[in-house]
Amino acid sequence: MNIKDYKKIFMSGIGGISMSGIALILKKWNFEIVGSDAVQSKQTDLLTENGIKVIIGQKEDNVDKTFNLFIYSAAIKENNPEYVKAKELGIMMIERGEFLGELTKLFNDKLDKGGCPYVIHLLKVYEVFVKIILRYNKYLQKYNRKNNS
């Protein structure tokens, strides 16, 4: 997967802490981002303030063939109407955790090509951010498994 090949991205479950962080990074890199979440929150408000279109409510009409990548959070199940529609339309689909790995590759690619020290510093900060999110999510998964047993 080459993230650069996908310019218009739909994010289902965009109001989560890691999904909203990813959306902000992608927006800064000039990707067109649209997303949805079940409820309005501080995170969805922040995204809207930063120029990201957020739709409250998840329905199949939110997704159309103009999107070329569909990123979904772990909370999105296979019977979610947006998930079903993206699959029906043949849109490339990827779960948030897997996408974070791809995003890290893009950070490293940008670092390998050089650039001004300020940009390199920002990319390193983003990479740290991604690693923190991955570790936090692993912790939550273990915690939830332990408490749901």
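## Strand 1 and its partners

In this predicted model, strand 1 and strand 4 run parallel and are joined by four bridges. Within this pairing, Ile9 has Leu69 of strand 4 as its bridge partner. Strand 1 also pairs with strand 2, again in the parallel sense, over five bridges. Here Met11 stands opposite Gly35 of strand 2.

Strand 1 is mostly covered, as five of its five residues are buried. In a regular strand, side chains alternate between the two faces of the sheet. Both faces of strand 1 are covered: Lys8, Phe10 and Ser12 are buried on one side, and Ile9 and Met11 are buried on the other.

The open sheet consists of five strands in the order 3-2-1-4-5, with parallel pairing. Strand 3 (53-56) and strand 5 (92-95) each have a single partner strand and stand at the edges, so one side of each is left without a neighbour in the sheet. From one strand to the next, the twist averages 20°.

Strand 2, which spans residues 32-37, runs parallel to strand 3 and is joined to it by four bridges.

Helix 1, formed by residues 17-28, lies across strand 1 (8-12), strand 2 and strand 4 (69-72). Its direction is at about 170° to that of strand 1.

## Aromatic rings

The model contains five aromatic pairs. One of them is the stacked pair of Phe10 and Phe70, with 5.8 Å centre to centre and 5° between the planes. Phe10 belongs to strand 1 and Phe70 to strand 4, so this pair ties together parts that are 60 residues apart in sequence. Phe10 and Phe70 are both buried.

Ring pairs also link a cluster, whose members are Phe10, Phe67, Phe70, Tyr72 and Tyr83.

## Lysines over ring faces

Two lysines are placed over aromatic rings. Lys8 lies over the face of Phe67, at 4.6 Å from the ring centre. Lys8 is among the buried residues of strand 1, and Phe67 belongs to the aromatic cluster. Lys7 lies over the face of Phe31, at 4.9 Å from the ring centre.

Notes:
Residues are numbered from 1 along each chain as its sequence is written. This is a predicted model: local features need pLDDT of at least 70, side-chain atom pairs count only at pLDDT 80 or more; totals for chains, interfaces and linings use all residues. Side-chain values use heavy atoms; hydrogens and water are left out. Two strands pair if DSSP finds at least two bridges between them. Helices (H or I, at least four residues) and strands (E, at least two) are DSSP runs, numbered from the N terminus. Axes are lines fitted to C-alpha atoms, for helices over the stretch in contact, and angles run from 0 to 180 degrees between N-to-C directions. Contact means heavy atoms within 4.5 Å. Rings of Phe, Tyr and Trp (its six-membered ring) pair if their centres lie within 6.5 Å; planes under 30 degrees apart count as stacked, over 60 as edge-to-face and the rest as tilted. Buried means under 20% relative accessible area, exposed over 50%, partly exposed in between (1.4 Å probe, protein chains only). A charge sits over a ring if NZ of Lys or CZ of Arg is within 6 Å of the ring centre and within 35 degrees of the ring normal.
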